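Please describe this structure for someone seeing it for the first time.

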Amino acid sequence: MRKIAVLTSGGDAPGMNGAIRAIVRVGIKRGFEVYGVYDGYQGLVEGKIKKLGYSDVSEILAKGGTILGSSRLPEFKLDEVQDKAIENLKRFDIDSLVVIGGDGSYRGALALSKKGINCIGIPGTIDNDINGTDETIGFHTALSNIIDAVNKLRDTSSSHHRCFVIEVMGNNADSLALYSAISCGSELVITNKTGYDEDFVISEMIKNEAVYHKRHAIIIASEKIFDVDKLAKRINQETGFSSRAIVLGHIQRGGSPVPEDRILASRMAGKAIELLLEKQSGQCVCLKNSEIVAKGIEEALMETNKSKEALYCLFEDLV
């Protein structure tokens with residue numbers, strides 16, 4: 001009986017548990033023994049490996065986070081660290097590994113595949129920033145969390161003639177900011193793509209109040225672009241809006257995954273098992289035009305995503 005393992009790496013994302021559950025259940029039905037690696041690549045190097053059965057993944061589909069735990073291990077790029085991980089896999093006679101995570105996790109899987117371990121990547125990140133796939137596991141839940149928070153903030157902003165400057169996650173990616181700005185009716189969205197011009201933002205807020213006679217305003221921005229507190233203070237001083245800065249932070253990651261993420265995770269995990277049955281390696285599972293497909297990890301990481309261009313144009317027409 002072939003033995004396979006699954007690990008989650010990098011930032012946790014709602015829906016990862018759904019993928020773990022499907023790997024275990026579909027894997028067992030297809031004749032595999034399935035093992036879980038705890039605490040990501042760090043756990044792989046430390047030998048934290050345990051056989052999983054049906055009962056181990058019962059009632060986890062609706063849970064956020066990952067029951068296997070996760071970590072970041074920059075040292076995994078070193079050959080000697082990778083060799084230690086391979087040694088631990090061979091100790092359990094495991095020849096195949098499913099890695100659920102972001103692009104850094106993919107690179108680790110690619111390195112192991114070049115050293116003889118059959119590795120398949122599944123995209124799990126709230127940032128939706130993995131090239132090669134239209135959507136990643138966790139994105140829809142994080143987006144839903146943002147929308148829920150902004151809807152509540154809008155009630156307060158309307159009552160107090162207020163402008164909220166809301167920072168959302170995404171690191172250098174723009175999906176969470178752009179999608180939430182459209183979904184919430186934001187007056188402005190600021191991402192690496194749009195750039196940041198503070199004077200322009202102030203002029204837009206003055207126009208929203210003086211020309212459009214709006215009682216409230218919402219500005220959504222990707223993290224790490226500018227100081228949201230500084231902008232809020234300037235809006236206070238130079239416009240008629242009372243302004244506050246809100247950093248949503250890690251609350252965006254938490255909570256029960258929405259149906260879209262549960263289904264996507266299950267579909268992608270099923271495809272990963274198919275690829276391992278075919279003894280494929282160095283592949284990642286992708287969603288393209290509503291279909292679940294496989295691509296080489298190197299090919300996927302090199303792709304560019306131009307699908308959001310139309311959404312930026314749509315946002316400009318809506319405000």
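## The model

This is a predicted model: local features need pLDDT of at least 70, side-chain atom pairs count only at pLDDT 80 or more, and totals for chains, interfaces and linings use all residues. Residues are numbered from 1 along each chain as its sequence is written, and side-chain values use heavy atoms, with hydrogens and water left out.

Helices (H or I, at least four residues) and strands (E, at least two) are DSSP runs, numbered from the N terminus.

## Salt bridges

A salt bridge is a side-chain nitrogen of Lys or Arg within 4 Å of a carboxyl oxygen of Asp or Glu. The count by this rule is 21 salt bridges. One of them joins Glu46 to Lys48, with the closest N and O atoms 3.3 Å apart. For accessibility, buried means under 20% relative accessible area, exposed over 50%, and partly exposed in between (1.4 Å probe, protein chains only). Glu46 is partly exposed because its relative accessibility is 45%. Lys48 is also partly exposed, at 35%.

## A network around Arg234

Glu198, Asp199, Arg234 and Glu238 are linked in a network of salt bridges. Within it, Arg234 meets Asp199 at 2.7 Å, N to O. This pair links distant parts of the chain: Arg234 sits in helix 8 (residues 228-238) and Asp199 in helix 7 (residues 198-210), 35 residues apart. Asp199 has a relative accessible area of 49%, so Asp199 counts as partly exposed.

Arg234 also forms a salt bridge with Glu238, at 2.8 Å, N to O. Arg234 and Glu238 are four residues apart in helix 8, so about one helical turn separates them. Glu238 is partly exposed, with a relative accessible area of 39%.

## The largest pocket

Pockets are found on a 1 Å grid over the protein atoms alone. A pocket is an open set of points where a 1.4 Å probe fits, with protein on both sides within 12 Å along at least five of seven lines; lining residues have an atom within 4 Å of a point. Grid points are joined across faces, edges and corners, and a volume is the space filled by probe spheres set on the points.

The largest pocket has a volume of about 1,100 Å³. Its lining holds 44 residues, and the closest to its centre are Gly102, Asp103, Gly104, Asp127 and Asp129. Helix 4 (103-113) and helix 11 (309-318) are the elements that give two or more residues to this lining. Helix 4 gives the largest share, five residues. By class, the lining of the largest pocket has ten nonpolar, 20 polar and 14 charged residues. Here Ala, Val, Leu, Ile, Met, Phe, Trp, Tyr, Cys and Pro count as nonpolar, Asp, Glu, Lys and Arg as charged, and the others, Gly among them, as polar.

## The second largest pocket

The second largest pocket holds about 260 Å³ of space. It is lined by 15 residues, and Leu188, Val189, Thr194, Phe200 and Glu316 are the closest to its centre. Strand 7 (188-190), helix 7 and helix 11 each supply at least two lining residues. The lining of the second largest pocket divides into nine nonpolar, two polar and four charged residues.

## Two buried residues

Is Gln252 buried or exposed? Gln252 is buried, because its relative accessible area is 1%. Gln252 is in the loop between strand 9 (242-247) and helix 9 (259-277). The side chain of Gln252 reaches the backbone nitrogen of Met169 at 2.9 Å. Contact means heavy atoms within 4.5 Å. Not counting residues up to four places away in sequence, Gln252 touches Ala142, Asn145, Ile146, Glu167, Val168, Met169 and Leu176.

Ile86 lies in helix 3 (residues 79-91). Ile86 is buried as well, with a relative accessible area of 6%. Ile86 touches Leu112, Lys115 and Ile117, again not counting residues up to four places away in sequence. Ile86 and Phe226 are 140 residues apart in sequence and 42 Å apart in space, C-alpha to C-alpha.

## Two lysines with positive phi

Lys224 is not a glycine, although it has a positive phi of about 70°. Lys224 lies in the loop between strand 8 (217-222) and helix 8. Lys224 is exposed, with a relative accessible area of 64%.

Lys279 has a positive phi near 60°, in a residue other than glycine. Lys279 is found in the loop between helix 9 and strand 10 (283-288). At 60% relative accessibility, Lys279 counts as exposed.

Definitions and conventions. Polar contact = N/O pair within 3.5 Å; in protein donor to acceptor, adjacent residues only side chain to side chain.
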